[in-house]
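Hello,

Here is the structure for your files. Please read the notes under it before you set anything up.

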Amino acid sequence: MKVTLIGAAGGIGQSLSLLLKINLPVGCELCLYDLNPSTPGIALDLSHIPNKVKVTGYSGSDSLISALENSDIVIITAGIARKPGMERSDLFNANANLIRNLMSSAAHSCPNACFCLITNPLNSLVPLAATVLKQAGIYNPRKLFGVTSLDIIRAESILSQYLQRDIMPGEIQVIGGHSGQTIQPLISRVSGHDLDESEIRSLTQQIQDCGTTVVKAKAGYGSATLAMASAGMRFISSLIRGLKGEENIVECAYVEGGSPYSKFFSQPLRLGKHGWSEAIDPAPFDAQQQRALDAMLPSLREEIALGEKFCG
Ligand code: LMR
């Protein structure tokens with residue numbers, strides 16, 4: 001299996017490269033690509049870790065096609081990160097062209113790959129990527145994912161600190177999208193506690209604000225990279241297990257066509273041999289969750305329309 005990481009020299013890219021080199025199944029090829037000329041050197045550096053994952057590295061626009069060819073999974077972390085005071089949506093103009101160009105190369109070089117997007121604003125760039133793939137005539141919605149696992153691990157970590165117990169993977173679902181109020185953790189479903197509405201509201205807000213607090217705390221030097229890399233690794237491991245035929249692998253991700261609430265929506269997905277095989281409807285919602293869902297859908301739909309319109 002060939003896993004290609006686009007944006008491999010960046011903050012998320014380097015951390016995720018290391019995690020992939022260490023954790024990918026034996027026999028996988030890890031291909032690193034970035035415009036940055038240090039990328040072959042990053043691959044060489046990683047190749048000194050002794051295991052059976054082969055690493056290759058490419059840099060510069062001329063080698064993008066070579067990097068993408070024969071990929072089974074393409075992960076995209078490339079793009080500009082936000083600075084304090086910016087919303088994720090402020091990155092649209094900076095990152096939209098980049099994603100359009102990358103997806104259009106990928107559509108021609110590895111049309112059957114699973115595409116996993118991490119670049120912001122995810123709520124708009126996944127619909128944009130879908131439009132590029134549709135225009136290329138090779139779109140398979142089961143194979144295009146916006147990776148929202150960062151919201152899941154943040155919810156797990158915040159709840160585990162608050163409830164003073166471990167939160168196991170799968171215990172907390174985060175639905176919707178990946179910005180502000182579109183990030184909806186279904187906290188009241190976590191069993192073994194009796195949180196009231198105001199505690200749930202405050203924990204929800206904390207989870208929604210995590211990205212912004214990291215951007216502020218990094219003081220102009222970027223956004224979350226390390227937790228994002230860990231979340232990305234978790235998603236890619238599950239995706240590979242599904243592709244290899246393991247059953248009952250469930251992860252939340254932002255995809256098209258799995259939800260009655262919005263054209264693109266993040267929810268639990270069963271992962272299978274050909275991408276996601278089943279979207280698991282997170283309903284029924286309690287009154288607080290229903291209000292939150294109703295409140296966020298208009299902005300989620302606007303963000304989706306922005307991405308779709310970009311390619312005409
Ligand atoms: C995050 O949630 O940390 C990322 O989406 C990066 C950002 O700008 O917040």
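The notes below cover the model, the domains and the ligand site.

This is a predicted model, where local features need pLDDT of at least 70, side-chain atom pairs count only at pLDDT 80 or more, and totals for chains, interfaces and linings use all residues. Residues are numbered from 1 along each chain as its sequence is written, and side-chain values use heavy atoms, with hydrogens and water left out.

Domains: the protein splits into domain 1 (2-146) and domain 2 (149-303), with bounds from an automatic or database domain assignment. Contact between them takes 35 residues from domain 1 and 44 residues from domain 2 (heavy atoms within 4.5 Å). Their C-alpha centres are 22 Å apart.

Ligand shell: the residues around the ligand are Arg-82, Arg-88, Asn-120, Leu-150, Arg-154, His-178, Gly-211, Ser-223 and Ala-224 (a heavy atom within 4 Å). By class, the shell has two nonpolar, four polar and three charged residues; Gly counts as polar and Arg as charged.

- Arg-82: a polar side-chain atom lies 2.6 Å from a ligand oxygen.
- Arg-154: a side-chain N or O atom is 2.7 Å from a ligand oxygen.
- Arg-88: the corresponding distance is 2.8 Å.

Best wishes

Conventions. Polar contact = N/O pair within 3.5 Å; in protein donor to acceptor, adjacent residues only side chain to side chain.
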